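Visitor: Please take one part of this model and look at it closely. I would like to hear about the charged side-chain pairs, and then about what surrounds them.

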Amino acid sequence: MAKRLAIVLTEGYADWECALLMATARGDCGAETVVLTPGGADVTSLGGVSVKSAGKAEAAMPADFDVLVVCGGTIWQSGAAPDLSAPVGRFVEAGKPVAAICDATLGFARLGLFDTRAHTGNYPGQIGKLVPDYRGAAHYRDQPQAVNDRGVITASGAAPATFAREILEAIGLGSAELRDYLAMYGDEHGAAKG
């Protein structure tokens, strides 16, 4: 049976953050990607791409998906950030991976997922500045690559390639060939420093 990825997009989601994951999962790994949104509403990205929702993010069940992925975007720094505690909690309790990129990591921090787990985000200090009860500063990893600690996967908005890699590996779709393919997308960043 094909792996299924629940991809949570919000109004104003960041176009680039889950695009590589979704394309690679479907095109290269034969997985199914299902876009869920808060309340099941259709959403529009920061870049103006409108997406039709396949259902409510709040109703995502671990029996139906192999991973729950939450995309970043401007909403996570606002008072309109959705409450995804129920689906995230269900996946964690079931031992299924959950993933957040960019500002979506703020939602995970609010749930206390970083209190005892290694994690990363956009930059050191952002989570503590925006999440008053953040207790995971000692576990923050200031690195450009995604982090996976016991099924909680995090990345900065500039790391969609390693974010995709960590998610696909966590659900059993990793391979040396896939690692090489995804590494290609990060090659330019090493050269940009020169």
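Guide: R165 and E166 join their side chains in a salt bridge, with N and O 2.9 Å apart. Both R165 and E166 are buried. The model is a predicted one, and five salt bridges are counted in it.

Another of these pairs is E169 with R179, where the closest N and O atoms are 2.6 Å apart. This pair links distant parts of the chain, since E169 belongs to helix α5 and R179 to helix α6, 10 residues apart. E169 is partly exposed, at a relative accessible area of 28%, and R179 is also partly exposed, at 38%.

A further salt bridge runs between the side chains of R4 and E32, at 3.0 Å from N to O. R4 sits in strand β1 and E32 in strand β2 (residues 32-36), so this bridge ties together parts that are 28 residues apart in sequence.

The largest nonpolar core has 32 residues, and L5, V69, F163 and I167 have the most contacts inside it. Elements that each supply at least two residues of this core include β1 (4-8), α5 (160-170) and α6 (176-184).

A second, separate core of 27 residues includes F91, V98, F108 and V131.

Aromatic rings form two pairs in the structure. The ring centres of F108 and F114 are 6.5 Å apart with planes at 55°, so this pair is tilted. F108 is buried, with 2% relative accessible area, and F114 is buried at 0%. In the other pair, Y181 and Y185 have ring centres 5.4 Å apart and planes at 80°, so the arrangement is edge-to-face. Y181 is partly exposed at 30%, and Y185 is partly exposed at 37%.

G73 lies between β5 and α2 (85-93) and is buried, at 6% relative accessibility. Its C-alpha atom is 8.5 Å from that of L9, although G73 and L9 are 64 residues apart along the chain. With residues up to four places away in sequence not counted, G73 touches G12, Y13, A14, E17 and D103.

Methods: Residues are numbered from 1 along each chain as its sequence is written. This is a predicted model: local features need pLDDT of at least 70, side-chain atom pairs count only at pLDDT 80 or more; totals for chains, interfaces and linings use all residues. Side-chain values use heavy atoms; hydrogens and water are left out. A nonpolar core is a set of buried Ala, Val, Leu, Ile, Met, Phe, Trp, Tyr and Cys residues joined through side-chain atoms within 4.5 Å. Buried means under 20% relative accessible area, exposed over 50%, partly exposed in between (1.4 Å probe, protein chains only). Helices (H or I, at least four residues) and strands (E, at least two) are DSSP runs, numbered from the N terminus. Rings of Phe, Tyr and Trp (its six-membered ring) pair if their centres lie within 6.5 Å; planes under 30 degrees apart count as stacked, over 60 as edge-to-face and the rest as tilted. Contact means heavy atoms within 4.5 Å. A salt bridge is a side-chain nitrogen of Lys or Arg within 4 Å of a carboxyl oxygen of Asp or Glu.
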